[in-house]
Amino acid sequence: MINFTQLRKLLIKGSNLPAYNEKFKKIGLNKSFLANLSDGDLLSYFTRIDPINKEELRQFPENFLAQVDDIVYRGVTSGTTSEAFIYFRDSQWNQQRKIGLKNFLNWWNIDDNLPIMNINSRLFPLRENDYSLIGIIDNFFWQSLKISTEKPVILRGFPSRLCEVAIFANKNIKISSIKAIICTGEHLFPHQKKLLEDTFSAPIINEYGSQECGVYGFSCPLCSNIHIDEKRCFVEVKNKVLIVTDLYSDIMPLIRYKNGDLAEIESDNFCPNGSINLKFLGRIEEEIISIKNYPIIPEISYYRTFFSTNKNQKIIGYLTTKVNEKDNMESIIKIKLTDILDQKDVIKYQKFSYPEDFYQANIINSESLLSETIKLNYHENYLEQLSEILKSRRWIFYSLPRNLYQLVNNNYIAKNIDSSKQLRQDKLFLFLNVLMNNHKADFEEQTIKIFSEYQNKQKLYLIYLDLLIIALFLEQKELWIHLKNIKIKEQIILDSLSYRLLLTSISQAISSARTKKESLLITKLTPLLPLFISDLDFCQINNLNCLPSILVHWSILLGCLTDDTIINSAFFRRPLVLEKREIKIKNKNNINNKSNHLSELSLEELKELGIEMVLFNLKINPSIFLDRIQLKLSKNKSQEISKKLGFIPFMRYLAKSFLVRGDRKKAYYCLLMSQDISLMQDDFESISKVYNFKQKIM
């Protein structure tokens with residue numbers, strides 16, 4: 001069933017965009033005409049619009065920008081075959097995407113409590129309980145996978161990556177805990193499906209989607225076909241080329257978009273789960289590459305190129321039907337591929353007996369790896385293992401597996417305060433409870449107990465910052481009463497775990513404040529976390545012991561702290577610029593307008609002016625403001641605005657100003673610099689790219 005209401009809305013929005021002007025004019029479409037068409041005529045005109053392709057998106061993304069309001073999602077295309085493209089989506093798109101995914105998962109009895117672990121690919125966690133594990137398949141990989149499979153879990157990833165895991169899974173993880181396998185991102189070959197089924201004895205689910213549109217196809221447990229989410233996307237096939245229209249892509253409309261896939265569809269199915277079936281045939285780029293570059297080698301029945309994660313070698317793996325030992329297969333392949341392969345690469349040729357054996361090639365030192373893994377028991381070494389997980393950028397999570405959280409709490413005993421191991425355990429205990437949103441009374445009792453233990457031993461400075469963060473941003477009032485009059489004489493310590501606790505706590509405080517909508521700062525500025533991180537620069541000027549006063553400043557802005565005796569306390573005195581900011585926001589007025597003297601302002605003053613500009617609707621030429629920031633940053637040897645977190649929150653405000661003026665290029669440029677900052681996204685793109693390679697079948 002076509003969602004005509006959403007289709008009409010999308011076409012009207014597209015009629016105002018440079019990307020579609022000529023395409024619409026060509027068939028006589030305009031805004032007023034679209035509003036009065038019947039559903040039948042609307043569909044007729046729609047199918048006559050010339051499709052767009054990836055090249056148009058990548059060359060002129062600003063021409064697709066329709067609005068900059070309500071942006072909640074920033075996506076990046078995979079870029080595995082060509083240059084990546086950054087796009088933006090609003091809350092309605094994100095909500096519809098989640099609803100569609102939930103419906104698909106419900107077919108397979110996968111609810112929100114059953115976590116999905118994304119394996120070794122560029123797949124971000126989709127739901128609160130999901131994880132992503134990226135990087136080489138080494139001892140850390142197996143230990144992390146072992147932890148996640150202590151309880152029931154779903155594995156999701158590229159079929160080729162999942163097959164690598166399957167080769168050694170029987171000896172490493174609890175197979176019975178794997179409740180389903182979701183294959184995505186690549187064509188699932190019969191030999192891959194058989195290997196996964198034989199290994200895990202679990203349903204193999206085929207997922208279909210794209211970075212730009214999200215997941216909009218899922219295999220059905222009733223008929224085994226891939227059904228399309230017809231409420232979200234309208235799909236067509238012309239000459240085997242798939243054309244997709246994302247009906248909720250309001251920020252950057254995608255109308256009749258050739259996403260690069262080859263497919264077949266049929267609409268005569270009577271399955272209760274869906275009326276449209278899709279069969280994925282491959283990628284256009286891969287077909288072109290295969291036709292132009294990779295020759296048929298009669299002596300070889302199947303060959304594949306991939307990179308070894310162990311020695312950074314390019315491997316040419318092959319199967320041969322020849323049994324004559326005199327035939328030198330490597331020489332034959334070298335001759336056939338001489339003009340294609342980059343001779344600078346270190347190339348290794350490897351013969352395989354079965355297609356499944358290909359997936360062993362990327363496993364590092366398999367035998368020694370297995371023996372090393374078997375010796376380790378994370379129940380005995382959970383502190384070390386958990387520390388590695390928390391500081392690693394390879395395990396991406398919203399919340400850790402609950403069995404790990406329970407393990408720490410069950411083993412937590414406050415003793416041996418002087419030991420570094422006990423300090424680490426205390427810090428882990430505090431961080432995990434904050435991460436898991438445990439705001440129960442027993443947690444507050446435990447934090448007060450930790451405070452008393454360290455104070456009695458005169459070691460409070462070691463954990464003072466962690467406790468202060470929790471007291472302020474989780475609003476533990478009794479703990480705050482104990483801490484507020486404590487004057488720390490020693491140097492405050494901010495280690496990596498305290499920093500993660502800090503960002504996690506303030507992120508939760510920001511989310512909580514947004515639901516209340518009481519603070520002017522909350523209602524006007526998005527995102528806020530970069531602004532907070534940039535305020536930490538004051539610590540470089542005033543030493544690290546300035547940090548408690550900065551925390552108090554932010555707890556005031558977020559409405560967590562209202563104690564005037566503390567706000568005016570000399571011990572928590574903020575840097576002058578922060579005190580002025582508090583006054584302006586409290587009084588809701590701009591008391592020092594310097595907008596006419598931009599050239600005289602420092603970077604810090606420009607940042608404060610940016611806050612005033614958003615909060616009090618100051619009329620400042622966006623081009624002049626942007627140019628002034630760039631000039632100041634260039635003198636400070638910074639390459640771009642995005643390197644200076646303090647200016648990120650104002651970029652969406654500037655984007656809107658530029659869009660109103662009709663300057664879509666600068667509006668899109670500002671959006672690129674407006675990305676939200678979070679612990680999860682830190683370096684994920686750059687790290688995952690290394691392991692995002694997909695199978696190339698010749």
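Q: How many cavities of 30 Å³ or more does a search of the whole structure find?

A: Rolling a probe the size of a water molecule over the atoms shows where empty space is left. In this predicted model, the search of the whole structure finds 1 cavity of 30 Å³ or more. The largest cavity has a volume of about 40 Å³.

Q: Which residues line the largest cavity?

A: Arg581, Lys584, Ile585, Glu608, Ile611, Glu612, Leu615 and Phe616 form the lining. By class, 4 are nonpolar and 4 are charged, with no polar residues.

Q: Which helices supply at least two residues each to that lining?

A: Two helices do: α25, spanning 576-587, and α26, spanning 603-615. α26 gives the most, with 4 residues.

Q: Now to a helix. How do I read its burial pattern, and which residues of α9 are buried?

A: Start with the geometry. An α-helix has 3.6 residues a turn, so residues three or four places apart point the same way. Now take α9, residues 190-200. His191, Gln192, Leu195, Leu196, Thr199 and Phe200 are buried there, each under 20% relative accessible area.

Note on methods
Residues numbered from 1 in each chain as written. Predicted model: local features only at pLDDT ≥ 70, side-chain atom pairs only at ≥ 80, totals over all residues. Heavy atoms only, no water. 1 Å grid on protein atoms, 1.4 Å probe; cavity = no way out; pocket = protein on both sides within 12 Å on 5 of 7 lines; lining within 4 Å. Points joined across faces, edges and corners; volume = space filled by probe spheres on them. Nonpolar A, V, L, I, M, F, W, Y, C, P; charged D, E, K, R; others polar. Buried < 20%, exposed > 50% of the residue type's maximum accessible area, 1.4 Å probe, protein only.
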